[in-house]
Amino acid sequence: MEKSLHTTDLNSTSHLHLDGSVSFMDKDENKVWKQFLEGDDQCLVYIYRKYVDVLFRYGQQFSKRYEFVQDCIQELFYELIDKRKSLSPTRSVKGYLLVSLKRKILRGSKKESKLVLEEEGFIFSFAEPVISINANLKEEDYQIIFDKINELPSSQREVIFLYFYEGIGYSDIAEIMNIKTATARTLTYRALENLENNLGPYLSSFYTMMLFAQ
Amino acid sequence: MRNMDKEHNIFKLLKNEHFVKWVQNPTDDSNHFWSKWISNHKDQKKDVEIARRIIQSGRLKSNKQLAENQYDSMLDNIMAYADERKQTTGPYLTRTFWRYTAVAASLILMLLSLGLLMDFTSGTDDKMLSEFITKEAPFGSKVTTRLPDGSMVTLNSGSSITYPEHFNEDSRPVELSGEGFFEVEHNPSMPFIISFRDQTVTVLGTSFNIRAFDQESYAEVAVATGKVAYAVKSGSKVVLTANNKATLKKGSSQFEQTRVNELADFGWLNRVLYFESNSFEEIRLELEKWYGIEVQIDGNTPSGTYSGKFENASLDEVLTGLSFIYRFDFTIDDTNVLITIKPKQ
């Protein structure tokens, strides 16, 4: 309580940038979500700005009709507004958005999305902007790792994307993939085990190379 | 050859949730933990590095980015929809209802325009029947609304704005009561003119805050970006640029110019309740607006000013904070607050 009685920390908390846009980055997401559920529409701007790119990226894995994906995202936000009163204040916002978007896209294009997902969905590449000086592996070696990930079944690629690259917890992954939480964990482990097996000979070659490097 | 029974360290690490969290989102604690772990497991330093880079350097190949105009227009649509729904707060109205309403509305519009055409041909006044729209943020709430030209206005508690359904071709006039933060779409050929009390603010495209509550003794314009012209209708005028503000006391025609204080002038947009040498009475009025409550005071109104801020705080938190300074007890009963000043010891 003492904290809020003094004005000493003014500078550290100025949220408004000089370009006039309000910066939301340092906001507590759960608070924003709760405020939105209580009727504060301003929070939509925060949720939109924070997640629209993730949603668009995720949606593309199921459909290459970009306008359709965008429509689904917009509909998703309309529903958020409509369902506001019935949404849980404690759940993960990102998890909820991804689940709902996936459902929408699958509903709107079942056949297409299955095909797209199998063929083109969740295909990874190695992307490192700066080459690290004390690199332990060459870029090609990392590319091999990602090529092997790309050989996994699509559900395993998806779980790798959600868990490692979007930082989504197992309980949300479970909902997104329509499986149990324990299964989500098992699926992730299985994906990693398959990857390790697929890498087999390469892995030991990384290893010997590393010994030389040392 | 690799021993198939033994899992490689890289994969052990990738299965370790704590490790993955650290790479994705390092904190002081996890940095400490893992640097210690690495120094205790020097033989695995390289495994850690490889596992880290697998997590950090993977990207999806197919990743089309949203174009900027699509990004903006989607957000506009969403905010307009939220706004539309705010007008009819009934929980039973579904989107289907809205769809029907939209159809009905366009039918009515068609009929109206037909009617207008007929009026026109029969020689009657062809002035467009531009309706005025009023948006209001009641006490205890804040409302963001989009104007017909795409400009956005956020209204603070107890404020309202009135504007024509359509702007005509030469200007964008709106009327403000209370406090609003404006983000005006740039359009040099159509000045955006805000009237309040006997004053106006004219801009071409910029963002700024106007505070002009009737119950307060001053009006204030604070500019975040761009340039605005702030004028009393009867004469004097000042041009303000970014990070400057002007205050006009009631009954005066002399603008007082100062620099913007982000927390004081724009903090409310982020739900920061901010006081700077405010009297108890000023604080009481602000709380009534902010939380939509009525405050009764039992005892003598305390003297002395208060400076401080409350970020996204509940009424209870704010009152508890103030009660230490001003020495009072309080009870909250729905929207009624009773403050009992403690006798001096």
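In this predicted model, chain B contains an open sheet of 3 strands in the order β16-β19-β18, and the pairing within the sheet is mixed. The edges are formed by β16 (294–298) and β18 (328–333) of chain B, each of which pairs on one side only. On average, and with direction ignored, neighbouring strands of this sheet are turned by 20° against each other. Strands of a sheet pair through backbone hydrogen bonds, and the arrangement may be parallel or antiparallel. The pairing of β16(B) with β19 of chain B, residues 336–341, is parallel and comprises 5 bridges. Within that pairing, Q296(B) has L338(B) in β19(B) as its bridge partner.

Two helices accompany the sheet. Helix α8 of chain B, residues 280–291, lies across β16, β18 and β19 of chain B and runs at about 145° to β16(B). Helix α9 of chain B, residues 315–326, also packs on the sheet, where it touches β18 and β19 of chain B. The direction of α9 makes about 160° with that of β18(B).

Elsewhere in chain B, a charged pair links two elements. Side chains of opposite charge can pair when their charged atoms come close. K135(B) and D83(B) form such a salt bridge, with an N to O distance of 3.0 Å. Because K135(B) belongs to strand β2 (residues 132–137) of chain B and D83(B) to helix α5 of chain B, the pair ties together parts that are 52 residues apart in sequence. Over all chains, the count comes to 30 salt bridges.

The next topic is the contact between the two chains. Chain B contributes 69 residues to this contact and chain A contributes 75 residues. The size of an interface is often expressed as the accessible area lost when the parts come together. Between chain B and chain A, the buried area is about 7,200 Å², and carbon and sulfur atoms give 58% of it. Three residues, K15(B), R53(B) and L60(B), supply 10% of the area that chain B buries against chain A, which is more than any other three residues.

What is the count of salt bridges between chain B and chain A? There are 4 salt bridges between these chains. One salt bridge joins R271(B) to D40(A), whose closest N and O atoms are 2.8 Å apart. Across the interface of chain B and chain A, 19 residue pairs are in polar contact, with both residues at pLDDT 80 or more. Helix α5 of chain B, residues 68–87, provides the largest share of the side of chain B that touches chain A, namely 11 residues.

Confidence remains to be considered. Chain B has an average pLDDT of 82, and 86% of its residues score at least 70. In chain B, pLDDT is below 50 over residues 90–96, a stretch with 8 contacts beyond near neighbours in sequence. Residues 114–129 of chain B also stay under 50, and the model gives them 5 contacts beyond four places in sequence.

For chain A, the average pLDDT is 78, and 79% of the residues score at least 70. Confidence in chain A is lowest in helix α5 (residues 110–120) of chain A, with a mean of 78, and highest in helix α7 (residues 154–165) of chain A, at 93. Residues 1–26 of chain A stay under 50 in pLDDT, and the model has 52 contacts for them beyond four places in sequence. Over residues 129–134 of chain A, pLDDT is likewise below 50, and this stretch has 2 contacts beyond near neighbours in sequence.

Terms used:
Residues numbered from 1 in each chain as written. Chains lettered and ligands numbered in written order. Heavy atoms only, no water. pLDDT = per-residue confidence, 0-100. Contact = heavy atoms within 4.5 Å. Pairing = 2+ DSSP bridges. Helix = DSSP H or I, 4+ residues; strand = E, 2+ residues; numbered from the N terminus. Axes fitted to C-alpha atoms, helices over the stretch in contact; angles between N-to-C directions. Buried area = accessible area lost by both parts, 1.4 Å probe. Salt bridge = Lys/Arg side-chain N within 4 Å of Asp/Glu carboxyl O. Polar contact = N/O pair within 3.5 Å; in protein donor to acceptor, adjacent residues only side chain to side chain.
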